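User: I would like to learn how to read aromatic contacts in a protein model. Could we work through a case together?

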Amino acid sequence: ATREMLARLVGDGVLRPLISGTLANSELPDDISLRARALGLVVPRGGVVTDRTAAWLHGVDILPRRYQQGVPVSVQCFSTRRSRMRRAGVESGTRMLSDRDICTIEGVQVTTPARTSCDLGRLLWRYDAIAAMDGFARQGVTREQLQLYAPCFKGMRGVIQLRTLIPVVDAGAESPAESALRLHWIEAGLPAPTTQIWVRDELGVCRYRLDIGSREELFAAEYDGEEFHGPGHAAHDSARRAWLAEHGWTVVVLTKEDVYHRSDAHATIRRGYQKMLRSR
(Lines give C-alpha, C1' and ligand atoms only; values in the text may rest on other atoms or scores of the structure.)
Protein backbone atom coordinates (compact mmCIF):
# COMPACT_ATOMS: atom_id res chain seq x y z
CA ALA A 1 0.00 0.00 0.00
CA THR A 2 1.20 3.51 -0.78
CA ARG A 3 1.52 6.25 1.85
CA GLU A 4 -1.49 7.97 0.31
CA MET A 5 -3.63 4.85 0.63
CA LEU A 6 -2.55 4.32 4.25
CA ALA A 7 -3.26 7.95 5.08
CA ARG A 8 -6.74 7.59 3.58
CA LEU A 9 -7.42 4.44 5.62
CA VAL A 10 -6.33 6.23 8.79
CA GLY A 11 -8.52 9.20 7.91
CA ASP A 12 -11.48 6.89 7.34
CA GLY A 13 -10.91 5.22 10.68
CA VAL A 14 -10.09 1.81 9.20
CA LEU A 15 -6.53 1.92 10.58
CA ARG A 16 -5.14 3.70 13.63
CA PRO A 17 -1.56 4.67 14.46
CA LEU A 18 0.04 2.92 17.40
CA ILE A 19 3.70 3.86 17.57
CA SER A 20 6.02 5.35 14.99
CA GLY A 21 6.11 3.11 11.94
CA THR A 22 3.09 0.94 12.82
CA LEU A 23 -0.62 0.96 12.09
CA ALA A 24 -3.30 -1.39 13.37
CA ASN A 25 -6.78 -2.38 12.32
CA SER A 26 -9.09 -0.10 14.31
CA GLU A 27 -11.27 -3.08 15.23
CA LEU A 28 -8.45 -4.80 17.13
CA PRO A 29 -8.56 -4.34 20.92
CA ASP A 30 -5.86 -2.05 22.30
CA ASP A 31 -4.36 -4.61 24.66
CA ILE A 32 -0.88 -5.55 25.85
CA SER A 33 -0.54 -8.23 23.17
CA LEU A 34 -1.21 -5.78 20.33
CA ARG A 35 1.21 -3.26 21.78
CA ALA A 36 3.92 -5.91 22.16
CA ARG A 37 3.44 -7.06 18.56
CA ALA A 38 3.77 -3.49 17.31
CA LEU A 39 6.94 -2.90 19.34
CA GLY A 40 8.38 -6.20 18.12
CA LEU A 41 8.33 -4.76 14.60
CA VAL A 42 10.23 -1.63 15.58
CA VAL A 43 12.60 -2.35 18.48
CA PRO A 44 16.11 -3.25 17.26
CA ARG A 45 17.78 -6.44 18.42
CA GLY A 46 19.31 -6.02 21.86
CA GLY A 47 17.05 -3.09 22.64
CA VAL A 48 15.11 -2.62 25.86
CA VAL A 49 11.93 -0.56 25.78
CA THR A 50 12.06 2.16 28.45
CA ASP A 51 10.35 5.20 29.94
CA ARG A 52 7.00 6.32 28.46
CA THR A 53 6.96 3.51 25.89
CA ALA A 54 7.64 0.93 28.59
CA ALA A 55 4.75 2.32 30.62
CA TRP A 56 2.53 2.08 27.52
CA LEU A 57 3.50 -1.56 27.05
CA HIS A 58 2.71 -2.29 30.71
CA GLY A 59 -0.71 -0.67 30.27
CA VAL A 60 0.03 2.67 31.94
CA ASP A 61 -0.73 5.36 29.36
CA ILE A 62 1.50 8.32 30.08
CA LEU A 63 2.45 9.10 26.49
CA PRO A 64 2.69 12.76 25.45
CA ARG A 65 -0.76 14.31 25.16
CA ARG A 66 -0.35 14.72 21.40
CA TYR A 67 -0.58 10.92 21.11
CA GLN A 68 -4.22 11.09 22.13
CA GLN A 69 -4.82 13.23 19.04
CA GLY A 70 -3.82 10.35 16.75
CA VAL A 71 -0.17 11.28 16.27
CA PRO A 72 2.19 8.31 16.78
CA VAL A 73 5.19 8.92 19.00
CA SER A 74 8.76 7.73 18.79
CA VAL A 75 9.71 4.56 20.64
CA GLN A 76 11.97 5.06 23.65
CA CYS A 77 14.41 2.19 23.56
CA PHE A 78 17.87 1.80 25.07
CA SER A 79 20.67 -0.60 24.33
CA THR A 80 22.40 -2.82 26.84
CA ARG A 81 25.29 -3.25 24.42
CA ARG A 82 26.83 0.15 25.23
CA SER A 83 26.17 1.42 21.71
CA ARG A 84 23.46 3.76 20.45
CA MET A 85 20.86 2.19 18.17
CA ARG A 86 20.02 4.12 15.04
CA ARG A 87 16.61 3.52 13.54
CA ALA A 88 13.92 5.89 12.31
CA GLY A 89 11.24 6.50 14.92
CA VAL A 90 13.37 5.23 17.80
CA GLU A 91 14.75 7.49 20.52
CA SER A 92 17.84 5.62 21.59
CA GLY A 93 20.85 5.82 23.84
CA THR A 94 22.63 3.71 26.42
CA ARG A 95 21.57 3.09 29.97
CA MET A 96 22.88 0.93 32.76
CA LEU A 97 20.33 -1.82 33.27
CA SER A 98 20.77 -4.96 35.33
CA ASP A 99 18.90 -8.25 34.94
CA ARG A 100 16.48 -7.25 37.72
CA ASP A 101 15.56 -4.12 35.75
CA ILE A 102 14.35 -6.05 32.70
CA CYS A 103 11.44 -8.34 31.98
CA THR A 104 10.05 -9.76 28.71
CA ILE A 105 6.53 -9.33 27.38
CA GLU A 106 5.74 -11.50 24.35
CA GLY A 107 9.34 -11.42 23.20
CA VAL A 108 9.91 -7.70 23.81
CA GLN A 109 12.47 -6.69 26.41
CA VAL A 110 11.17 -3.91 28.63
CA THR A 111 12.05 -2.34 31.95
CA THR A 112 10.06 -3.82 34.83
CA PRO A 113 7.06 -1.94 36.27
CA ALA A 114 9.03 -0.82 39.36
CA ARG A 115 12.05 0.31 37.33
CA THR A 116 9.83 2.11 34.80
CA SER A 117 7.93 3.86 37.59
CA CYS A 118 11.20 5.10 39.11
CA ASP A 119 12.59 6.22 35.75
CA LEU A 120 9.47 8.24 34.94
CA GLY A 121 9.30 9.53 38.50
CA ARG A 122 12.70 11.13 38.11
CA LEU A 123 12.72 12.11 34.41
CA LEU A 124 9.26 13.54 33.68
CA TRP A 125 7.79 16.90 34.64
CA ARG A 126 6.61 16.31 38.21
CA TYR A 127 2.88 16.42 37.41
CA ASP A 128 3.28 13.77 34.71
CA ALA A 129 5.74 11.89 36.91
CA ILE A 130 3.26 11.43 39.76
CA ALA A 131 0.61 10.37 37.23
CA ALA A 132 2.92 7.65 35.91
CA MET A 133 3.78 6.46 39.40
CA ASP A 134 0.11 6.41 40.41
CA GLY A 135 -0.63 4.39 37.28
CA PHE A 136 1.90 1.76 38.26
CA ALA A 137 0.56 1.79 41.82
CA ARG A 138 -2.85 0.80 40.40
CA GLN A 139 -1.07 -2.17 38.84
CA GLY A 140 0.42 -3.24 42.15
CA VAL A 141 3.77 -1.43 42.41
CA THR A 142 4.02 -0.39 46.06
CA ARG A 143 5.70 2.54 47.75
CA GLU A 144 7.91 0.02 49.55
CA GLN A 145 9.18 -1.36 46.24
CA LEU A 146 9.97 2.14 45.01
CA GLN A 147 11.74 3.04 48.24
CA LEU A 148 13.95 -0.05 47.89
CA TYR A 149 14.74 0.93 44.29
CA ALA A 150 15.45 4.62 44.94
CA PRO A 151 19.03 4.21 46.27
CA CYS A 152 20.04 2.70 42.90
CA PHE A 153 19.61 6.15 41.33
CA LYS A 154 21.94 8.00 43.66
CA GLY A 155 23.66 10.80 41.75
CA MET A 156 21.44 10.40 38.68
CA ARG A 157 19.29 13.09 37.14
CA GLY A 158 15.96 13.63 38.89
CA VAL A 159 16.64 11.47 41.93
CA ILE A 160 15.61 14.24 44.36
CA GLN A 161 12.23 14.56 42.62
CA LEU A 162 11.83 10.78 42.76
CA ARG A 163 12.47 10.69 46.50
CA THR A 164 9.96 13.51 47.00
CA LEU A 165 7.20 11.82 45.03
CA ILE A 166 7.45 8.26 46.37
CA PRO A 167 5.76 9.05 49.74
CA VAL A 168 2.71 10.60 48.04
CA VAL A 169 2.05 7.91 45.41
CA ASP A 170 -1.63 6.91 45.57
CA ALA A 171 -3.37 4.18 43.59
CA GLY A 172 -6.72 5.92 44.12
CA ALA A 173 -6.22 8.47 41.35
CA GLU A 174 -8.25 7.47 38.30
CA SER A 175 -6.58 9.67 35.69
CA PRO A 176 -3.33 11.58 35.11
CA ALA A 177 -5.17 14.86 35.72
CA GLU A 178 -6.42 13.66 39.11
CA SER A 179 -2.84 12.76 40.03
CA ALA A 180 -1.67 16.22 39.02
CA LEU A 181 -4.53 17.79 40.98
CA ARG A 182 -3.48 15.89 44.10
CA LEU A 183 0.11 17.09 43.76
CA HIS A 184 -1.12 20.70 43.52
CA TRP A 185 -3.08 20.06 46.73
CA ILE A 186 0.04 18.78 48.50
CA GLU A 187 2.09 21.72 47.17
CA ALA A 188 -0.54 24.01 48.70
CA GLY A 189 0.75 22.85 52.07
CA LEU A 190 -2.32 20.79 52.96
CA PRO A 191 -2.09 17.26 54.38
CA ALA A 192 -2.22 14.49 51.77
CA PRO A 193 -5.88 14.10 50.78
CA THR A 194 -8.06 11.02 50.55
CA THR A 195 -8.88 9.94 47.01
CA GLN A 196 -12.33 9.01 45.70
CA ILE A 197 -14.53 10.14 48.59
CA TRP A 198 -18.15 8.99 48.46
CA VAL A 199 -20.66 11.44 49.92
CA ARG A 200 -23.87 9.92 51.25
CA ASP A 201 -27.28 11.48 51.72
CA GLU A 202 -29.45 11.36 54.84
CA LEU A 203 -30.53 7.79 54.06
CA GLY A 204 -26.95 6.60 53.70
CA VAL A 205 -27.15 6.32 49.93
CA CYS A 206 -23.97 7.23 48.02
CA ARG A 207 -24.86 10.31 45.98
CA TYR A 208 -21.60 11.75 44.68
CA ARG A 209 -17.94 10.89 44.57
CA LEU A 210 -15.26 13.56 45.00
CA ASP A 211 -11.83 13.28 43.38
CA ILE A 212 -9.78 14.24 46.44
CA GLY A 213 -10.48 15.85 49.79
CA SER A 214 -10.68 15.75 53.55
CA ARG A 215 -13.81 14.06 54.85
CA GLU A 216 -13.21 15.44 58.34
CA GLU A 217 -13.12 19.05 57.15
CA LEU A 218 -15.67 18.64 54.35
CA PHE A 219 -13.22 20.20 51.91
CA ALA A 220 -12.48 18.81 48.45
CA ALA A 221 -10.93 19.59 45.08
CA GLU A 222 -12.18 18.31 41.75
CA TYR A 223 -10.85 18.16 38.21
CA ASP A 224 -13.38 19.16 35.57
CA GLY A 225 -12.16 17.53 32.38
CA GLU A 226 -13.57 18.40 28.99
CA GLU A 227 -15.01 14.93 28.37
CA PHE A 228 -17.31 14.78 31.39
CA HIS A 229 -17.69 18.45 32.34
CA GLY A 230 -18.23 20.33 29.09
CA PRO A 231 -21.10 22.72 28.30
CA GLY A 232 -23.55 19.83 28.00
CA HIS A 233 -22.96 18.89 31.64
CA ALA A 234 -23.22 22.39 33.12
CA ALA A 235 -26.70 21.93 34.61
CA HIS A 236 -25.78 18.61 36.22
CA ASP A 237 -22.53 20.03 37.61
CA SER A 238 -24.34 23.06 39.03
CA ALA A 239 -26.96 20.90 40.76
CA ARG A 240 -24.28 18.56 42.08
CA ARG A 241 -22.21 21.38 43.57
CA ALA A 242 -25.29 23.02 45.08
CA TRP A 243 -26.23 19.74 46.80
CA LEU A 244 -22.72 19.34 48.18
CA ALA A 245 -22.71 22.93 49.48
CA GLU A 246 -26.06 22.36 51.20
CA HIS A 247 -24.51 19.38 52.93
CA GLY A 248 -21.54 21.37 54.22
CA TRP A 249 -18.93 20.66 51.57
CA THR A 250 -16.59 23.29 50.14
CA VAL A 251 -15.34 22.20 46.71
CA VAL A 252 -12.60 23.89 44.67
CA VAL A 253 -12.84 23.13 40.95
CA LEU A 254 -9.83 23.14 38.62
CA THR A 255 -9.75 22.66 34.85
CA LYS A 256 -7.12 21.35 32.45
CA GLU A 257 -5.80 24.89 32.05
CA ASP A 258 -5.43 25.23 35.83
CA VAL A 259 -3.79 21.85 36.37
CA TYR A 260 -1.33 21.86 33.48
CA HIS A 261 -0.71 25.45 32.45
CA ARG A 262 -1.05 27.73 35.48
CA SER A 263 1.69 28.04 38.05
CA ASP A 264 -0.66 29.13 40.86
CA ALA A 265 -3.05 26.17 40.96
CA HIS A 266 -1.80 25.29 44.44
CA ALA A 267 -2.60 28.85 45.54
CA THR A 268 -6.17 28.45 44.27
CA ILE A 269 -6.60 25.36 46.42
CA ARG A 270 -5.03 27.05 49.43
CA ARG A 271 -7.32 30.10 49.09
CA GLY A 272 -10.33 27.81 48.95
CA TYR A 273 -9.15 26.01 52.08
CA GLN A 274 -8.58 29.28 53.96
CA LYS A 275 -11.98 30.57 52.87
CA MET A 276 -13.57 27.37 54.18
CA LEU A 277 -11.84 27.81 57.55
CA ARG A 278 -13.04 31.41 57.85
CA SER A 279 -16.62 30.36 57.17
CA ARG A 280 -16.70 27.78 59.98
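Analyst: Let us begin with a single side chain: W243 is buried, its relative accessible area being 10%, where buried means under 20%, exposed over 50% and partly exposed in between, computed with a 1.4 Å probe on protein chains only. This is a predicted model, in which local features need pLDDT of at least 70 and side-chain atom pairs count only at pLDDT 80 or more, while totals for chains, interfaces and linings use all residues. Residues are numbered from 1 along each chain as its sequence is written, and side-chain values use heavy atoms, with hydrogens and water left out.

User: How is an aromatic pair defined, and how many aromatic pairs does the rule give here?

Analyst: Rings of Phe, Tyr and Trp (its six-membered ring) pair if their centres lie within 6.5 Å, and planes under 30 degrees apart count as stacked, over 60 as edge-to-face and the rest as tilted. The count comes to six aromatic pairs. One of them joins W125 and Y127, edge-to-face at 4.8 Å centre to centre with 70° between the planes; W125 is partly exposed at 37%, whereas Y127 is buried at 5%.

User: Which geometry do Y208 and W243 adopt?

Analyst: Their ring centres are 5.3 Å apart and their planes lie at 65°, so this pair is edge-to-face.

User: Which residues are linked into a cluster by ring pairs?

Analyst: That cluster consists of W125, Y127 and Y260.
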